[in-house]
Amino acid sequence: MVKIGPFDATLVPKSSWYKSLANLLDRETWNKIRKRELRRAGYKCEICGYSGKGLHCHEIWEYDDERKVQKLVGYKILCEKCHLAHHLGFATVSGRLEETVEWISRVTGMKEGEMWKLVDKAFEEWEERSKYAWKIDYSYEPLLSNNKIVKKNSEQQRTLDEFM
């Protein structure tokens, strides 16, 4: 895992793209999770302290590189800029990587040269992890205790295992 100050610069492996709960759950269930986490965080970014509109609920994942299991371990409420700093791959494809590195530098006080080395390390880690198919463990989320979700845009209930 690559950490840059308070930011987790771990990129999601290719086989796990679009398999976050935010992408899989129906809007009602995801909003329950988001509202719960906003209350927990006091309606402010847990990194920079921003407390305005547009806060994001970021899913925190741990990676077991031996077993190839990606496990949900929590959430963090983040402003748009801090959230983008946790998604360097998206920052890259959306043309916002330099802006994001500048933001991380401002928040952490790190020199940009040091940060670019860590960004490169994060992408190297992503390339290695993306060689494999990952199983995803959503068991952290208590709203899914029955291991069932309603997939977005669908009335059909399915088990989470079907999304792996």
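Buried means under 20% relative accessible area, exposed over 50%, and partly exposed anything in between. Keep that handy as you click through this predicted model.

Start by colouring on pLDDT: the chain averages 88, but residues 156–164 stay under 50.

Now select W17 and W126. These two rings are stacked, 6.3 Å centre to centre with 5 degrees between the planes. W17 sits in the loop between β2 and α1 while W126 belongs to helix α6, so the pair ties together parts 109 residues apart in sequence. At 42% relative accessibility W17 is partly exposed, whereas W126, at 17%, is buried.

Next, pick W61 and Y138. Their planes stand at 80 degrees with centres 6.0 Å apart, so this pair is edge-to-face. W61 is in strand β3 and Y138 in the loop between β5 and β6, 77 residues away. Both W61 and Y138 are buried.

While you're on rings, show W30, Y75 and Y140, which ring pairs link into a cluster. Then try K68: its charged end sits over the ring of Y132, 4.3 Å from the centre.

W30 also takes you to α2, where the buried residues are T29, W30, I33, E37 and L38. They pack against α1, β3 and β4. Just past the helix, look for G42 with its positive phi of about 70 degrees.

Last stop: the largest nonpolar core, 41 residues, in which L21 and C82 have the most contacts. Select C82 and its surroundings; leaving aside residues up to four places away in sequence, C82 touches F7, C45, I47, C48 and W103.

Definitions and conventions
Residues numbered from 1 in each chain as written. Predicted model: local features only at pLDDT ≥ 70, side-chain atom pairs only at ≥ 80, totals over all residues. Heavy atoms only, no water. Core = buried A, V, L, I, M, F, W, Y, C linked by side-chain atoms within 4.5 Å. Buried < 20%, exposed > 50% of the residue type's maximum accessible area, 1.4 Å probe, protein only. Contact = heavy atoms within 4.5 Å. Helix = DSSP H or I, 4+ residues; strand = E, 2+ residues; numbered from the N terminus. pLDDT = per-residue confidence, 0-100. Phe/Tyr/Trp six-rings, centres within 6.5 Å; stacked < 30°, edge-to-face > 60°. Lys NZ or Arg CZ within 6 Å of the ring centre and 35° of its normal.
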